[in-house]
Amino acid sequence: MYRDGKLEWELGPFIKADEVNPILLPEAEASFICPVRDGEVNWEEKDLFNPTAVFRDGEVHLLYRAEDKVGKYEGTSRIGHAVSRDGLQFKKEQEPVLYPEQDSFRTLEWEGGCEDPRIAEDTNGTYYMMYTAYDGIKARLCVATSVDLTSWTKHGLAFGHALTGKYADIWSKSGAIVTKRVGEKFIAERIDGLYWMYWGESNIYAATSLDLIHWTPVEAEDPRGYHAEPFLLPLLSVRKHHFDSDLIEPGPQAIIMEQGILLIYNSKNHGQHGDPSYETGAYCAAQVLFDLKDPSVVIARSTKPFLIPDKEYEINGQINHVCFVEGLVYHEGAWLLYYGTADSKIALARCEG
């Protein structure tokens, strides 16, 4: 059933904040000393985008991806930090807060960088950032923790030790931890003793954890015998002739709602097998509802996206026709959704209630 243009279980409607968008732009002159290059770089000269968001001590914090213009890929990614009292006007820290260093994680992060964070908090006030380490060849999901959102401790591969390391070196990214909203915080919530996380690209998978640092991908047995060993269980896949026909991946932290576990996800439209209502390659955002008793089971899925690129700053940029959602907070009775636009800037959409 639809109500006000959306399925009854979906969050929304979200209205783009046209009066202030885009809310965050790259600063070409922002510089710091890169410990790997051993020299000064303008670390957000190229672009900034794909922010995660958290509400803390009366302020909205964004942790966003920014790229420079130097090196093999003309754009190493680092994670920056910006703070706002009203969720609209942000002040950035001068230097990035998470980036490739001369440490044991350099081989994972250099020279592609640290990308696309998602965040959740535990009951003790520790923040867990799931981010993508990219070495220029492969993306790997990694974990970092902080108590102040500025100083971060890296813990390495999310799947590094699970199941004898069989998934340590797979292409993996976009970890959205299942949380419960407590006031204006999103606290990681155990289900039958385990934390859950949705992750992946092209398919969306799940993983579980006892400590929010070490994760075990959810596997399935093949009753038909096509797979000799257990394999990754795909929970959600692309759909031909739909807006999400070419790619799907999780957005912000998943949220326990009355109807189930709500996950906002990002999607890409296929040029030949997609929905002609949307541009080829368009990235749009949609929603899916999982069963709270079994978080691997899909209850419902959006029939159309709720956020599509239709503004100039969403249509033209490093990658055209992109709305990519990664940040969601709840503040003063409103949902604030932060998203990357055309892989170049950051914008905001709001939902009251």
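**Close-up views of a predicted model**

**View 1. Asp192 is placed in the loop that runs between β15 (185-188) and β16.** Strands here are DSSP runs of E with at least two residues and helices are runs of H or I with at least four residues, both numbered from the N terminus. This is a predicted model, in which local features need pLDDT of at least 70 and side-chain atom pairs count only at pLDDT 80 or more, whereas totals for chains, interfaces and linings use all residues. Residues are numbered from 1 along each chain as its sequence is written, and side-chain values use heavy atoms, with hydrogens and water left out. Although Asp192 is not a glycine, its phi is positive, at about 50 degrees, and the residue is exposed, with a relative accessible area of 76%. Exposed means over 50% relative accessible area, buried under 20%, and partly exposed in between, for a 1.4 Å probe and protein chains only.

**View 2. Asp38, in the loop between β4 and β5 (39-41), also has a positive phi, near 55 degrees.** Asp38 counts as exposed at 67% relative accessibility. Most residues other than glycine have a negative phi, and most peptide bonds are trans. Two peptide bonds can be viewed against that background: the bond joining Asn21 and Pro22 is cis, with omega about -10 degrees, and Pro22 belongs to the loop between β3 (15-16) and β4. The bond from Trp110 to Glu111 is likewise cis, with omega near 10 degrees, and Glu111 lies in the loop between α1 (106-109) and β10 (113-121).

**View 3. The largest nonpolar core holds 26 residues, and those with the most contacts inside it are Ile23, Leu24, Leu62, Tyr64, Phe90 and Tyr338.** Such a core is a set of buried Ala, Val, Leu, Ile, Met, Phe, Trp, Tyr and Cys residues joined through side-chain atoms within 4.5 Å. Two or more residues each come from β4 (32-34), β6 (47-56), β7 (59-67), β28 (334-341) and β29 (345-352), and β7 gives the most, with four residues. Neighbours within four places in sequence aside, Leu24 is in contact with residues including Leu48, Ala82, Lys92 and Ile346, a contact being heavy atoms within 4.5 Å.

**View 4. β6 and β7 form a hairpin with two residues between them, and Asp57 in the turn has a positive phi of about 50 degrees.** The two strands pair in the antiparallel sense over eight bridges, where pairing requires that DSSP finds at least two bridges between strands. Thr52 stands opposite Leu63 in β7, and nine of the 10 residues of β6 are buried.

**View 5. Tyr198 and Phe290 form a stacked pair, with ring centres 4.2 Å apart and planes at 15 degrees.** Rings of Phe, Tyr and Trp (its six-membered ring) pair if their centres lie within 6.5 Å, with planes under 30 degrees apart counted as stacked, over 60 as edge-to-face and the rest as tilted. Tyr198 in β16 (195-199) and Phe290 in β25 (283-290) are 92 residues apart, so that the pair links distant parts of the chain. Tyr198 is buried at 0% relative accessible area, as is Phe290, at 0%.

**View 6. A search of the whole structure finds zero disulfides, a disulfide being two cysteine sulfur atoms within 2.5 Å.** For Cys114, the nearest cysteine sulfur is that of Cys142, 8.0 Å away, and for Cys323 it is that of Cys284, 7.0 Å away.
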